[in-house]
Amino acid sequence: MRRAADWAPRLIIKQCRFTVRQPTVRRFVVMKYILVTGGSRGIGRAICLRLASLGMPILINYNSNHKAANETRGLIEERGGKAELLPFDVSNESDVVSAIQKWEDEHPNDYISILVNNAGIRRDDMMFMMSDEDWHQVINTTLDGFFFLTRRLLKHMLPRNRGGRIINIASLSGLKGMPGQTNYSAAKAALIGATKALAQEVAPRNVTVNAVAPGFIETDMTKDLPEEELKRLIPLGRFGKPEEVAGIVAFLVSHEASYITGEVINVNGGLYT
Ligand code: NAP
């Protein structure tokens, strides 16, 4: 197929026989972005900061905590990085689709080439007492969130083998199962299964899909847990830092990890291997 630029010299010659001009070739620079869900706080914030150091612009997704998300953006900008806020509820399909569509309309030449599905919540209870709401909210945030957003963004990673990286933040709870967390363990185990299945589907299009399974990490999510008691169970004797999860995510999006897909990497201080 002929490009517009191929026609340009002839058109000019037809209009003005004696003028010789070089054809104008318009070049669009495609900018690649990184989207981190739940990037306002905790592990997501650490991932945003670590990945911003790679030089790509970061889209910080969050649900409602605008103040925290703005702080994450400020921290990235202070270090010379670029970031935009992209709030939406990952568990709500129409929110996901309209936020991404709006972003794409405003960035017609760019695409999101790295997706970190990190947003997640805990609503612990013994199963015989667990409400329908707690069951569904946890599963919907982790699993529907992964499904709605990843499906939408694959649309731009798959064509012409453009490629992409998808990192899913799972949990030790999804591998081992944790009492009091049947909803959370079910959601994270399903996310691990989906990671392995999707990795095989999209590998021929140069998209890798991996999961990271943290143990106990110091964030708002774990601040109500009995840390002194729990850390005695951890071979390394302490909770992990969000930055220790972010480092693995940075490795998985790097060129060095280009032959790794369908894997689950534990970051748990030796608690479960
Ligand atoms: P956190 O400090 O509680 O932060 C949760 C993040 O998820 C916040 O940015 C929150 O946004 C966002 N979020 C929650 N629901 C959302 C929704 N429906 N749509 C969009 N964003 C939503 O949690 P964390 O400890 O950093 O955990 C991050 C991920 O790691 C989760 O998937 C969690 O399951 C997993 N993980 C954590 C641990 C741990 O020990 N901390 C261990 C294993 C796995 P707002 O700020 O707007 O509320």
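Axes here are lines fitted to C-alpha atoms, for helices over the stretch in contact, and angles run from 0 to 180 degrees between N-to-C directions. Keep that in mind for the helix pairs.

Some ground rules. This is a predicted model, where local features need pLDDT of at least 70, side-chain atom pairs count only at pLDDT 80 or more, and totals for chains, interfaces and linings use all residues. Residues are numbered from 1 along each chain as its sequence is written.

Now the overall picture. The chain has nine helices and seven strands. Those are DSSP runs, numbered from the N terminus: helices are H or I with at least four residues, strands are E with at least two. Of the 273 residues in the chain, 38% are buried. Buried means 20 or more other C-beta atoms within 10 Å of the residue's own; exposed means 12 or fewer; partly exposed is in between; and C-beta atoms are placed from the backbone. Next, contacts. Two residues are in contact if their C-beta atoms, placed from the backbone, lie within 7 Å. Take the contacts in the chain with a separation of 6 or more: residues 24 or more positions apart account for 69% of them.

Start with helix α7, residues 182–202. What span should its 21 residues have? The expected span is 1.5 Å times one less than the number of residues. That gives 30 Å, and the end C-alpha atoms are 30 Å apart, so the two agree.

Which residues of α7 are buried? Thr-182, Asn-183, Tyr-184, Ser-185, Ala-187, Lys-188, Leu-191, Thr-195, Leu-198 and Val-202.

The axes of α5 and α7 come within 8 Å and cross at roughly 15°. The two helices are therefore roughly parallel. The cut-offs: under 35 degrees is roughly parallel, over 145 roughly antiparallel, 65 to 115 roughly perpendicular, and the rest oblique. The crossing of α5 and α7 is right-handed. Right-handed means the near helix is turned clockwise from the far one by less than a right angle; anticlockwise is left-handed. On the α5 side, the contact is made by Asp-134, Trp-135, Val-138, Ile-139, Thr-142, Leu-143, Phe-146 and Leu-154. On the α7 side, the residues include Tyr-184, Ala-187, Leu-191 and Val-202. By class, this contact has 13 nonpolar, two polar and two charged residues. For those classes, Ala, Val, Leu, Ile, Met, Phe, Trp, Tyr, Cys and Pro count as nonpolar, Asp, Glu, Lys and Arg as charged, and the others, Gly among them, as polar.

Next, helix α2, residues 42–52, with α3, residues 66–78. Their axes come within 10 Å and cross at roughly 20°. So α2 and α3 are roughly parallel to each other. The crossing is right-handed. Arg-45, Cys-48, Leu-49 and Ala-52 of α2 meet Thr-72, Leu-75 and Ile-76 of α3. Five of the contact residues are nonpolar, one is polar and one is charged.

Helix α2 also packs with α9, residues 242–253: the axes come within 8 Å and cross at roughly 50°. How do α2 and α9 lie to each other? They are therefore oblique. This crossing is right-handed too. From α2, the contact includes Ile-43, Ala-46, Ile-47 and Leu-51; from α9, it includes Val-245, Ala-246, Val-249 and Val-253. The classes are 10 nonpolar, two polar and three charged.

Now some single residues. Arg-160 sits in the loop between α5 and β5. Its phi is near 50°, a positive value in a residue other than glycine. Is Arg-160 buried or exposed? Exposed, because it has 7 C-beta neighbours inside 10 Å.

Asn-206 lies in the loop between α7 and β6. Its phi is near 65°, again positive in a residue other than glycine. With 15 other C-beta atoms within 10 Å, Asn-206 is partly exposed.

Last, Asn-266 in strand β7. Asn-266 has 19 C-beta neighbours inside 10 Å, so it counts as partly exposed. Leaving aside neighbours within four places in sequence, Asn-266 is in contact with Ala-213, Tyr-272 and Thr-273. Its C-alpha is 9.6 Å from that of Leu-175, 91 residues apart along the chain.
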